[in-house]
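User: I keep meeting labels for parts of proteins and I'd like to know where they come from. Could we go through one together?

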Amino acid sequence: MSVILTESEAKALLKKVLSYSKADECEINLSGEHRGNLRYARNEVSTSGALINQNLQVQSAFGKKVGVATIDEFSDESLEKVVRRSEELAKLAPENPEYVGVLEPQTYVSSKGFFESTAKANPDTRATAVLKSLELTRGQKLTAAGFLEDQSGYAAMMNSKVLFAYYPCTSVNFSLTVRTEDGTGSGYVAKGYSDISKLDTAAATKIAIQKSLGSVGAKALEPGKYTVILEPTAAAVLLENIFFRMDARSADEGRSFLSKQGGKTKMGEKIMDERVNFYSDPTHPELPASPWAGDGQPLEKKYWIEKGAVKNMYYSRYWAQKNNVKPIPFPNNMIMDGGTATLDEMIKSTKQGILVTKLWYIRTVDPQTLLLTGLTRDGTFYIENGKIKHPIKNFRFNESPVIMLNNLETLGKPERVVSTESDRNYMIPPMKIREFTFSSLSDAV
Amino acid sequence: MKRRDFMQLAGLSTGAFMLPGISMGKTVSPEALLAPGLDIAVKKRLADAALNAAKAKGATYADVRIGRYLNQFVVTRENKVQNIVNTESYGVGVRVIANGCWGFAAVVDAKNEAQMAKAAEDAVAIAKANAKLMKEPVQLAPQKGFGEVSWKAPIKRNAFEVPIQEKVDLLLSVNNAAMTNGANYVNSVMFQVNEQKYFASTDGSYIDQDIHRIYPQFNVTAIDPKTGKFQTRNALSAPMGMGYDYLKTNPADKISGVTTRYNKGYDMLEDAIAAAQQAKAKLSAKSVEAGKYDLILDPSHLWLTIHESVGHPLELDRVLGYEANFAGTSFATLDKWQSKNFQYGSKEVNLVADKLQEGSLGAVGWDDEGVNTKKWDLVKDGVLVNYQATRDQAHIIGEKESHGCSYADSWSSVQFQRMPNVSLAAGKTPLSVEDMIKDVKKGIYIIGDGSFSIDQQRYNFQFGGQLFYEVKDGKIVGMLNDVAYQSNTQEFWNSCAQICDERDYRLGGSFFDGKGQPSQSSAVSHGSSTTRFNGVNVINTARKI
């Protein structure tokens, strides 16, 4: 049997596992996936790999005593053993005051995240895609280093209240750095899709080549505050630091950028420009995601920041119960609304500014203000009177995405991007920001 | 495991949500962590099956790694145990050279010859397929076989033999100590690792190794309800290549001063009390005035600066461009090394790679391609003299043998060049921290590691810390806040003015150094004594939102 089970196969397996349970409550999570990758550097393939994973996790509870056990092979004997093991662990465990029990059956919206095209990808598919990229860089005496990884899999769950959920999905991420032979120019591109047939490695490679050649001869600009245009790849790594930190418990506990003095939070407050909207939506056609969270809670379209105000925070079921509010699970995708401006139009309307195509090594400097540091990389350009004037040397920045989104000038059309920090995919628009703080110069190319 | 996953799992990051899908094999009972793995005679038989099959299919070289990887986490917050996880991952990775090209295949739970042969044959098939895209064949530095040998980390108390209750009791007492000394919140974790690795190659080596690592860590938060400000202080522990003996509280392992620091024994309870008091004190500490300061960097802080600005740029694969798409390349290019006069740092600066250092995270007998480990100079009297290389890279820098820097984070990952322990040699002239501070007119004394970021060629960096003390006219005058320093690697190491002697030498390190695509994690230590750097640019990181 393939490690990727159909819905009925997954249901049958989960029912069998559940039949072994003697605990008060039981919840089983099941998953399987195929992964394949091809890595290249110095215009040659360096490593390649394929991985098959499957995993079954059983959580048993006696009252508030909870135990979890996992296995990666599914013989009948192992299935019964993993249930027994989770029950033994539960009996030995101290009471978990934060255990809130398993959910009743739920209904989920439908979301198509599985594409046969991606599921069929094999070493030949990957080699062909990479060769298209290599031919272009080899032909122009440029040096390419890239990585292509595809994944197809499913997740399913069932609990002792007979909640059942199943979601199959596929994805492919492609990233490429193109450098000039003398090392004075570097360009980057990253593309992520659910459907591999949308991936055009040649077209993507041309973007990286253009940035690589265009970044040769970079001039130094004084560090300081500048108007910047952030391409979506650059914006994503800043914004995801907001997405990751919208947890209600941290805010209530007073240790979040959403906390206020006197034990209060910024729920409902406007904290950014009113054009800023962040929402999650598992049915988004460009960024489909599983419509259920790991404990079976349904996910639907939900605004987190609406018109610049904090609309929702993530509430675990425990924290929600304690605070007498509805639980809100962590979403499986995130989308930022955009405007209509194209990148070209944004450049044209800029008297003096900097085009940032990628940011790198992002770290939190101060969690209270969400101050982040990091550097520009692989193509940074000076804009004057509506035109890209010349490439510039890379900068280190110290900036908070919250401050940045208060200094918003223009939003472009959102596109699917891959975070170069977390590999997660988002829908993010290009954006023009005033007074973005660059604090020092870097010699890195 | 990736750093980000660990931070989430252990509740040590500021965002409190848990990432799903942390895959470390299967969960097992704590007793299973002590069960013996396969008998060594069985491992040899399995390894030979793979090596013979690889050769029969035309491989000119093959190596096999039979790996059993054991992990245990104990995770708590305040008065609660949040999680106790025991995991075991067992499998085999086979790497070959065929038609001049590398190929790799891995198989989970391999316990018979047929599975081993199949993995070897798959690896050869992949090598032959990839050879079509290859321009230059792999050149492997010669390596003699060692026959049947073994190496065991010199631990005094196996952490897996310590009852979980003892660890839970320690962490809860640590949390309680923090809470009763002014903390509003505390998260603590004990992370223990045992890698049981068997390596065999067509060079005639059969190497059995038993590697142990431990990492006790906590994060204390103090909040001022009036202002809504919060401050944190992390443990001043280091992840170590030791057993539970690291948690002994021996006065000889303590360094007293403005705050107690630790060498080869860590008093977690004592540190938690200090952490709670210091997190609270940080709430009212003075905000730093930006400008140039002389920095006095404690080893608990300096390890990370060494890691980022010396360890990474001297990885030969980065220098050559193999990591260009992710981790980046390096400013320390071959021409600088060839010039024999590239002044990486001041004359005081001697940076040494060392895979032998006892108690360090990088210490092993042999690396993951059967090379016996060693110690060598990277920067001597300030001048760049060498890199870190594996067998297929040694010829590029004119070396006749590998440095022994090959590592894979799992049986299922292909081994590649990873950082050895890279350390700053202690000063040769007797010098204590107190004497060093006496000479500083305007300085900041930094203890513990904090925020860190460096560019992709390792020029420009910015580091924070845990504790910042203002030094004025030779005296510590108080605590500072909102401190980060920025510099350029070469400028920074050339500003190195003084290094304390070996009495102050301690290790710091990382459990989760990430590199490669797909990303692999490795553990590495960095030793130093307290060191002074003159005239470094300090910025103020305070903002309002």
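Analyst: **Where the labels come from**

Analyst: In chain A, 25 Å separate the centres of domain 1 and domain 2, taken over C-alpha atoms. Keep in mind that this is a predicted model.

User: Which residues belong to each of the two domains of chain A?

Analyst: Domain 1 of chain A covers 7-212, and domain 2 covers 217-445.

User: How do you know that domain 1 of chain A is in contact with domain 2, and how many residues take part?

Analyst: The test for contact is that two C-beta atoms, placed from the backbone, lie within 7 Å. By that test, 32 residues of domain 1 of chain A are in contact with 27 residues of domain 2 of chain A. On the domain 1 side, the elements giving two or more residues are β4 (142-159), β5 (164-180) and β6 of chain A. That side has 12 nonpolar, 16 polar and 4 charged residues.

User: And how many residues are in contact between chain B and chain A?

Analyst: The count is 56 residues of chain B and 76 residues of chain A. Sorted by class, the chain B side has 25 nonpolar, 22 polar and 9 charged residues.

User: Let's do sheets. What is the strand order in the open sheet of 6 strands in chain A?

Analyst: Reading across, you get β3-β2-β1-β4-β5-β6 of chain A, with antiparallel pairing.

User: What makes β3 and β6 of chain A edge strands?

Analyst: β3 (65-71) and β6 (186-193) of chain A each pair on one side only. From one strand to the next, the twist averages 15°.

User: How do you know that β2 and β3 of chain A pair?

Analyst: Pairing asks for at least two bridges between the strands. Strand β2 (residues 44-62) of chain A and β3(A) have 7 bridges, in the antiparallel sense, so by that cut-off they count as paired. One such bridge joins V58(A) to A69(A) in β3(A). Helix α2 (residues 76-92) of chain A packs on this sheet, touching β2 and β3 of chain A, and its direction makes about 150° with that of β3(A).

User: Which sheet is that, and why do some of its strands have a side without a neighbour?

Analyst: The order is β15-β14-β13-β18 of chain B, an open sheet of 4 strands with antiparallel pairing. β15 (383-384) and β18 (421-424) of chain B stand at the edges with a single partner strand each, so one side of each has no neighbour in the sheet. Helix α6 (residues 299-311) of chain B packs on this sheet, touching β13 (351-354), β14 and β18 of chain B. The direction of α6 makes about 110° with that of β18(B).

User: Now helices. Why are α4(B) and α5(B) called roughly parallel?

Analyst: Helix α4 (residues 164-180) of chain B and helix α5 (residues 268-282) of chain B pack at an angle of about 25°, with axes 8 Å apart. Angles under 35 degrees count as roughly parallel, and therefore α4(B) and α5(B) get that label. Their crossing is right-handed.

User: What residues meet there?

Analyst: On the α4(B) side they include L170(B), S173(B) and V174(B), and on the α5(B) side they include M268(B), L269(B) and A272(B). By class, this contact has 10 nonpolar, 1 polar and no charged residues.

User: At what angle do α4 and α5 of chain A pack?

Analyst: Helix α4 (residues 123-139) of chain A and helix α5 (residues 201-214) of chain A pack at about 35°, again with axes 8 Å apart. This crossing is right-handed. The contact has 5 nonpolar, 4 polar and 2 charged residues, with K132(A) and K206(A) among them.

User: Last one: what makes D378(A) and P518(B) worth a note?

Analyst: D378(A) has a positive phi of about 60° although it is not a glycine. D378(A) is in the loop between β14 (371-376) and β15 (380-384) of chain A. As for P518(B), the peptide bond from Q517(B) is cis, with omega near -5°. P518(B) lies in the loop between β26 (506-515) and β27 (520-528) of chain B.

Conventions:
Residues are numbered from 1 along each chain as its sequence is written. Chains are lettered from A and ligands numbered from 1 in the order in which they are written. This is a predicted model: local features need pLDDT of at least 70, side-chain atom pairs count only at pLDDT 80 or more; totals for chains, interfaces and linings use all residues. Axes are lines fitted to C-alpha atoms, for helices over the stretch in contact, and angles run from 0 to 180 degrees between N-to-C directions. Domain bounds come from an automatic or database domain assignment. Ala, Val, Leu, Ile, Met, Phe, Trp, Tyr, Cys and Pro count as nonpolar, Asp, Glu, Lys and Arg as charged, and the others, Gly among them, as polar. Angles under 35 degrees count as roughly parallel, over 145 as roughly antiparallel, 65 to 115 as roughly perpendicular and the rest as oblique. A crossing is left-handed if the near helix is turned anticlockwise from the far one by less than a right angle, and right-handed if clockwise.
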